[in-house]
Amino acid sequence: MSVAFGRNLDLPPSLASGVATATPIKQASKKWQYFEIEIGDNTAENAIRLLGTDKVYRYVDRVALMFRGKFQPGQRAVVYVDDLKVTGKAKAGGEKEFELLVTEESARQLANATEWKRRIGKEAAALHVVIKKSETLPQGFKQHVLGSAAEVERMAETLTAQVAGKLKSKAWIRTSEAVAWQENLQAMQRVVPNLNRLWEYCEANPDRKNIIYLPAAITGQTLLPKALPVEAAPGDVVELSATPGEYEPATFAIFSNDEMREVTLQVSDLKSGQNVLIAGVIDLRVVKVWYQAGIKGIGGYRPGGKRYLVPELLLKDDDLIWLDGAKQRNLMRHRNPSGDLEYVDISDPDVKKNSDVLPQDSAQLQPFTIPANSLKQLWLTAHIPKGAKPGGYQGRVRILVGGKEYDQLTIKLTVLPFLLEPCPHVHSFYHHSRIGAKSRSPFQINYASRSEAQLEAELRNMNEHGLTSPITYQEYGEGLIKVLEMRKRVGMPAKSLFTIGQRAGNSSDPKQLQDLQQKVKQWVGLAKKYGYQNVYIYGFDEAKGDEMASQRAAWKAVRDAGGKAFAAGYQGSFEAVGDLQDLIVLAYKPDPKEAEKYHSVGHQIFSYANPQCGPEVPETFRRNYGLLLWKSNFDGAMDYAYHRGFGHVWNDFDDVRYRDHVMAYPTVDGVIDTLQWEGYREAVDDTRYLATLQKKIIKAPKAKRQEAKAAEKWREDLDIDGDLNVISKRMIEWILKL
Amino acid sequence: MKTHVSIVLLVLLGGMGLYAAPPSPNYQQDFEGEEGMSGWKAWAQSGENTSEVNFVGSSSEKSHSGKQSLKFDLTFHEGSYCYWSSQALKIPATGDLKLIGYIYVE
């Protein structure tokens, strides 16, 4: 345990804040120790780094004494503090700045409140109509609809109270709080019409015992078993469209008044006239909701120290993970060394219990249970064969309970009459997995040591998600040759090979530089045999200042030997080493101005940490690693990491600092996908549709010049913060028009 | 939806006065006199059962200057963080300002 003095920085009107501390004290000092913390202009850089803007006011809203570390039961701390003081001089004109950035923003938000009140009133009136007419519904449905309506009322009350409370305590509203308020109102605007449709659905089907909801697949809203209202409309037709060769997700959720046991799903062939797509083009999985830790940073926020139910895993066998609701635990089924199946707690901070865990999902969808008054989400992935004939296909999903027909859904799949252009961006992850390496991990399933079969399954999974250029951590040798063979087998294009298996270092010793050059030449030679045009050698990770500049001689040596230099870093790197750094992987929100700098010298810029891999926010991954890359003029993305365990990679509660970074969870024979990973695949596809549209615009025949001009205008004005599903539909419409 | 809730909100918005107090670089605490906890309070901790307070407040057992200091005597049970904070402040984070002080860990 350590103790330190700290300060909390507030950045109104943004929602961001940040803590900084003096040097932590880890042992009893038995004497008075002086400390100091800067609270001056260095915070401007932090604001830009965190928010991408300095249009915020920066102030310290509290000083604090902070105890940190893994507390032992009964551990006692006695600490005295004295003579606290702020010294130095503030910048002149601060009051004016505060007024401009904070007070004026608040006034603007107040003006909006009148309009919001009008909208609340409108939704309230519509909600009351639903409540009134729901009185006549059968009991089970009535309870569901009225329960949903009550939650909407509660949402409004909480929202209103929060804003009023904030004004009382701080007298200003942060822009992002106002945005959150608006988002909640928008949620009400979505939910109330859905409730109306729900009433109509229940009224028209009084004998039904279940409701099927049809939410958007990649969305910012989460579906939980007991949470109301469900942010989706009821229905019985799943509609999706895709091009030949594409993977496309869809989802549906079943709410049942009574418990449904032994639920199985059967997909039929899909037909369009004489053309048939066999049932195998549709893959079905259950969406597993389990306990996860808090999130900090971009892409969502859940305070730490608690356990949250979160939909994340896409499973064939729902029983692979059991939830212990009373103790908020995740229990994983695995075969122990004696060969018996048992459940192990994978949410205990005492991670030693997970050493021998060997997770393995089923190959086929297994029967599952839907508890009474509960919602179960199912995930559907259509993979359209490359030679599929365009047209409207129709099939169905039969829902069986205990082997008997219970309900069914219609699938309407449109195979579009064009092929997608390749992705205009390079998509890469830090991918720790290696073969043949002796693992230092105490865990059988970890994030780095792999069998050949496991590694190939991971590469295949990445390629199928549009991530075609992962960084290899494999060292030079036989293992590397096997990895290059695997990449070829799974269909990864051989363009650029990014490696951390060979590092550049920062030596300036001529002998060492000569050795480095020889190694680089070996890499370049081997990579060329497999068709790779470039080999990128990694520098220091996230280096700054002198450490960054110290690599110049090594990077020059790498480049002279035919390799290229790359590393993750921050703004300011270009000014230090931009002439030698062929590729920067730039942290946080992509900045087009940074892209301009690197492009001016013919170098590349990728995005990462916007957010890091892992948070269960599929829509954020779709937006930030898709259209945002295009809008920011970035060349690609290289996020950290495909999977990186802090502690055990399956246990989210065994590290005090970080949550595990996982897009796909490793198993004994491959990986288990997640919702955020499916969101990432849609990011890649969005930009492929955009590239296809761009090509159509350029190649439009004379007769379609007017439409092409309109399409170009639409593309230029595209608001990438809008509804991505709507944007996707519009892109398809434009492509079909041209 | 309860419309009266919205009306209450607007009354609050209107009545609160939007012009926030300006920031000030003045902050000093020496914990002398009858200050008691001097505005300090528990801020955040990793869970409900993280810590137990034996004593937090002005104490004459130790002092860097004067006769008193602010004493924290806590017993921890579980978790990974426990923060105590001062009263609400509004210190501008500009210029060459620094927070300084003294700490004694027993």
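Me: Which side chain meets that of A:Asp324 in a salt bridge?
Reply: Happy to start there, with the ground rules: this is a predicted model, in which local features need pLDDT of at least 70, side-chain atom pairs count only at pLDDT 80 or more, and totals for chains, interfaces and linings use all residues. Residues are numbered from 1 along each chain as its sequence is written, chains are lettered from A and ligands numbered from 1 in the order in which they are written, and side-chain values use heavy atoms, leaving out hydrogens and water. In a salt bridge (a side-chain nitrogen of Lys or Arg within 4 Å of a carboxyl oxygen of Asp or Glu), A:Asp324 is joined at 2.9 Å, N to O, by A:Arg329.

Me: Is A:Asp324 buried or exposed?
Reply: The classes are buried at under 20% relative accessible area, exposed at over 50% and partly exposed in between (1.4 Å probe, protein chains only). With a relative accessible area of 16%, A:Asp324 is buried.

Me: How many residues apart in sequence are the parts tied together by A:Glu421 and A:Lys695?
Reply: These two form a salt bridge, with 3.3 Å between the closest N and O atoms. Helices (H or I, at least four residues) and strands (E, at least two) are DSSP runs numbered from the N terminus. A:Glu421 lies in the loop between β21 (404–415) and β22 (426–431) of chain A and A:Lys695 in helix α14 (residues 675–698) of chain A, so the separation in sequence is 274 residues.

Me: Where does A:Arg434 lie?
Reply: Its side chain meets that of A:Glu475 in a salt bridge of 3.9 Å, N to O. A:Glu475 belongs to the loop between β25 (471–472) and α6 (478–490) of chain A, so the pair ties together parts that are 41 residues apart in sequence, and A:Arg434 lies in strand β23 (residues 434–435) of chain A.

Me: How many salt bridges does the structure hold over all chains?
Reply: One of them is the contact between A:Glu475 and A:Arg434, at 3.9 Å. Salt bridges with shared partners also join A:Asp283, A:Arg285, A:Lys316 and A:Asp673 into one network. Over all chains, the number of salt bridges is 41.

Me: Why is the pair of A:Trp322 and A:Tyr343 given its class?
Reply: Rings of Phe, Tyr and Trp (its six-membered ring) pair if their centres lie within 6.5 Å; planes under 30 degrees apart count as stacked, over 60 as edge-to-face and the rest as tilted. There are 34 aromatic pairs over all chains. In this one the centres are 4.5 Å apart and the planes are at 15°, so the pair is stacked.

Me: What is the relative accessible area of B:Phe72?
Reply: B:Trp40 and B:Phe72 form an edge-to-face pair, 5.9 Å centre to centre with 75° between the planes. B:Trp40 lies in the loop between β1 (28–29) and β2 (41–45) of chain B and B:Phe72 in strand β4 (residues 69–76) of chain B, so parts 32 residues apart in sequence are tied together. B:Trp40 counts as buried at 2% relative accessibility. B:Phe72 is buried too, with a relative accessible area of 0%.

Me: Which ring lies under the charged end of A:Arg307?
Reply: A charge sits over a ring if NZ of Lys or CZ of Arg is within 6 Å of the ring centre and within 35 degrees of the ring normal. The charged end of A:Arg644 sits over A:Phe646, 4.4 Å from the ring centre. For A:Arg307, at 3.8 Å from the centre, the ring is that of A:Phe653.

Me: Which are the edge strands of the six-stranded open sheet?
Reply: Strands pair if DSSP finds at least two bridges between them. The antiparallel order in chain A is β7-β6-β9-β19-β13-β14. Each edge strand pairs on one side only, and they are β7 (233–234) and β14 (308–315) of chain A.

Me: Over how many bridges do β9 and β19 of chain A pair?
Reply: Within this pairing, A:Tyr247 stands opposite A:His383 in β19(A). Strand β9 covers residues 247–256 and strand β19 covers residues 374–383, both of chain A, and they pair in the antiparallel sense over bridges numbering ten.
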